[in-house]
Amino acid sequence: MKPWIKRTLIGLFGAAILAGGLTACGHRPHGFGATMSAEDTAQRRAKMVERVSSKLELNADQKQRLTVLADKLQEQRIALMGQTKDPRADVKALVAGDKFDKARAQALVTEKTTALQSKSPEVITALADFYDSLNPAQQQKVRDFMEHRGGRWFRRG
């Protein structure tokens with residue numbers, strides 16, 4: 001096979017893999033993410049709290065601690081999103097010109113890292129508070145859930 005044919009086929013194969021990967025990573029359930037209203041987000045968070053509460057058979061105090069954890073996670077998510085409503089546009093802007101915008105890429109990384117560092121202690125405290133409030137059987141259910149990489153707790157249906 002001629003070298004230019006090999007290069008062309010490898011290039012096409014690489015482009016197909018890249019496009020497939022971007023398509024797979026870009027899929028989100030309908031109504032998910034930055035386009036959700038505050039009310040939709042609150043409803044999903046309440047539904048998640050109810051689902052976990054029923055699976056773990058939480059008492060009122062434990063349920064309240066889980067609600068605090070969900071609120072802290074949401075605060076961290078909002079901090080990570082920052083001012084942008086379209087994070088993909090930020091990433092696309094890095095490669096929009098003829099050269100990669102290294103300065104803007106570093107600024108994005110710094111912004112996200114700062115958001116993580118500032119909110120993580122609150123999330124860790126809320127998670128520890130919730131987990132420590134669970135009895136040994138409930139803690140085992142959490143470990144089993146994590147062992148099975150999510151099981152079916154949070155899936156629809």
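In α5, the residues A105, L108, A115, V123, A126 and F130 are buried (under 20% relative accessible area with a 1.4 Å probe, protein chains only; exposed is over 50%, partly exposed in between). This is a predicted model, so local features need pLDDT of at least 70 and side-chain atom pairs pLDDT 80 or more, while totals for chains, interfaces and linings use all residues. Residues are numbered from 1 along each chain as its sequence is written, and side-chain values use heavy atoms, leaving out hydrogens and water.

Helices here are DSSP runs (H or I, at least four residues), numbered from the N terminus. Helix α5 covers residues 102–133, and its end C-alpha atoms sit 45 Å apart, in agreement with the 46 Å that its 32 residues should span at 1.5 Å a residue (1.5 Å times one less than the number of residues). There is still a kink of about 40 degrees at K119, shortly before P121 (the angle between axes fitted to the seven residues ending there and the seven starting there).

The buried residues of α5 pack against α2 (38–56), α3 and α4 (87–94). With α3, the packing angle is about 170 degrees and the axes are 9 Å apart (lines fitted to C-alpha atoms over the stretch in contact, angles running from 0 to 180 degrees between N-to-C directions). The two helices are therefore roughly antiparallel (over 145 degrees).

Q62 belongs to α3 (residues 60–81) and is buried, at 5% relative accessible area. Leaving aside residues up to four places away in sequence, Q62 touches E57, F130, S133, L134, N135 and Q138 (heavy atoms within 4.5 Å).

Terms used:
Angles under 35 degrees count as roughly parallel, over 145 as roughly antiparallel, 65 to 115 as roughly perpendicular and the rest as oblique.
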